[in-house]
Amino acid sequence: MAVLLALGRQSDLPIVKAISVSVIELVRGLPLVGLLFVAAILLPLLLPAGWTIDKLGRTVAALTIFAAAYLAEVLRGGLQGLGPGQAEAARALGIPYWKMIWHVIMPQAIQKVIPPLTNTAIVMVKNTSLVMIVGVFDMLGAGRAAAGDPAWPAPFTETYLFVAAIYLAICFSISIYARWLERGVKARSHA
């Protein structure tokens, strides 16, 4: 979704560009908590009678749209960092548009924006804790439920440290993977 929005924002077609810009700016202009409330509370009221989407699905959709808008802007930066020569060379070789985008343009654009992509991915992982606000159970909610269980001797500190360790492990793994990608890109460019 982020790739399509980024390509749409760079498009020469006015309608495609207008829709992409509108979606990106609208979503980026709203707080994530607001989008979560719209998805969890307002959307069921707007759906026709008999239509239902479970709360988890609506919440995941809101998180996906929010992440896509931010990732589209990061990818747009990578696309702008490429000169027009890459696309011109691909067209001169007769490569179809979507193959050119998929095999020539996007790999180079993504290589240019690995650090901001990493940052955005880590922020999105941490933003998943906000789903608790709309009543969707997440890791932090599970920790809170476990800490409030009368069968346990109320290990509040250990519970929250465990949840923090899980978030740290996920975010640190993303960071290590991004550094590995960057080293691979540098090694290929020096070869």
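How far apart are the mean positions of the positive and negative charges of the protein chain? In this predicted model, the 15 positive and 9 negative charges have mean positions that lie 7 Å apart.

The protein chain contains 9 helices and 0 strands. Followed along the sequence, the pattern reads α-α-α-α-α-α-α-α-α. The radius of gyration of the protein chain is 21 Å, well over the 16 Å given by the globule rule for 191 residues, so the chain is more spread out than a compact globule. Along the principal axes, a box of roughly 70 × 50 × 25 Å holds the C-alpha atoms of the protein chain.

Among contacts in the protein chain with a separation of 6 or more, 69% are made by residues 24 or more positions apart. Buried residues make up 34% of the 191 in the protein chain. The accessible surface of the protein chain amounts to about 11,900 Å², and carbon and sulfur atoms account for 70% of that surface.

T120 sits in helix α7, which covers residues 114-127. Is T120 buried or exposed? T120 has a relative accessible area of 11% and is therefore buried, the cut-off for this class being under 20%. Once neighbours within four places in sequence are set aside, T120 is in contact with Y70, L71 and V74.

Conventions
Residues numbered from 1 in each chain as written. Predicted model: local features only at pLDDT ≥ 70, side-chain atom pairs only at ≥ 80, totals over all residues. Heavy atoms only, no water. Helix = DSSP H or I, 4+ residues; strand = E, 2+ residues; numbered from the N terminus. Rg over C-alpha atoms; globule rule 2.2 N^0.38 Å. Buried < 20%, exposed > 50% of the residue type's maximum accessible area, 1.4 Å probe, protein only. Contact = heavy atoms within 4.5 Å. Areas by Shrake-Rupley, 256 points an atom, 1.4 Å probe, with all protein chains shown as cover. Lys, Arg positive; Asp, Glu negative; His and termini not counted. Charge placed at Lys NZ, Arg CZ, Asp CG, Glu CD.
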